[in-house]
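Here are some notes on the helix packing and the salt bridges, for comparison with your own reading.

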Amino acid sequence: MTAGAGVSTAGAGVSTAGAGVSAIAVRVATDADRPAWDAFVAARPEGDPLQLWAWGDVRAAEGEPPLRLLATRADGTIAGLAGILVRPTSFGRTVMYAPHGPLWAREAADGSDILAALVTGMRAAARDRRAIVVKVEPR
């Protein structure tokens with residue numbers, strides 16, 4: 001993990017990033033986060049069904065388990081998220097794919113900090129999962 005922000009994938013580890021307007025914590029989402037996750041996706045103008053919690057469940061049944069990263073502010077509100085599908089490849093490696101994501105509060109004063117925290121969290125998760133690539137498709 002880097003000194004900026006990272007994600008402990010052994011649990012719901014929390015790290016912080018952002019020297020700008022506010023500190024942003026990135027952590028692995030839990031089942032308790034599902035309602036807030038889906039509400040955030042629905043509220044975003046660039047939100048997409050492929051970032052909904054249920055899409056990750058569908059893909060998990062097909063062998064691509066989801067990794068759901070949440071970026072939150074100090075008060076616990078969601079500032080961004082990334083629903084990432086983890087595809088196994090050969091030799092114990094993976095490919096990580098965030099279809100039509102990540103999503104974040106782009107218009108917020110700390111929008112760039114939110115994105116930076118999510119990217120750093122995805123990079124840490126990719127290292128933990130031996131990913132050869134992380135493909136993102138923000139809308």
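1. A residue counts as buried under 20% relative accessible area, as exposed over 50%, and as partly exposed in between. Arg 106, with a relative accessible area of 34%, is therefore partly exposed. The model is a predicted one.

2. Arg 106 forms a salt bridge with Glu 46, and the closest N and O atoms of the pair are 3.7 Å apart. Glu 46 sits in the loop between α1 and α2, while Arg 106 sits in the loop between β6 and α3, so this bridge ties together parts 60 residues apart in sequence. Glu 46 is buried, at 12% relative accessibility.

3. Arg 44 and Glu 107 meet through their side chains in a salt bridge, at 2.9 Å from N to O. Here too distant parts of the chain are linked: Arg 44 belongs to the loop between α1 and α2, Glu 107 to the loop between β6 (103-104) and α3 (111-128), 63 residues apart. Arg 44 is buried, with a relative accessible area of 12%, whereas Glu 107 is exposed, at 59%.

4. Helix α1 (residues 34-43) and helix α2 (residues 53-61) have axes that come within 9 Å and cross at roughly 110°. The two helices are therefore roughly perpendicular to each other. On the α1 side the contact involves Arg 34, Trp 37 and Asp 38, which meet Trp 53, Ala 54 and Asp 57 of α2. These residues divide into three nonpolar, no polar and three charged.

5. A network of salt bridges links Arg 34, Asp 38, Asp 57 and Arg 68. Arg 59 forms a salt bridge with Glu 64, at 3.1 Å between the closest N and O atoms; Glu 64 is buried, with a relative accessible area of 11%. The whole structure contains eleven salt bridges.

Definitions and conventions. Residues numbered from 1 in each chain as written. Predicted model: local features only at pLDDT ≥ 70, side-chain atom pairs only at ≥ 80, totals over all residues. Heavy atoms only, no water. Axes fitted to C-alpha atoms, helices over the stretch in contact; angles between N-to-C directions. Helix = DSSP H or I, 4+ residues; strand = E, 2+ residues; numbered from the N terminus. Parallel < 35°, antiparallel > 145°, perpendicular 65-115°, else oblique. Contact = heavy atoms within 4.5 Å. Nonpolar A, V, L, I, M, F, W, Y, C, P; charged D, E, K, R; others polar. Salt bridge = Lys/Arg side-chain N within 4 Å of Asp/Glu carboxyl O. Buried < 20%, exposed > 50% of the residue type's maximum accessible area, 1.4 Å probe, protein only.
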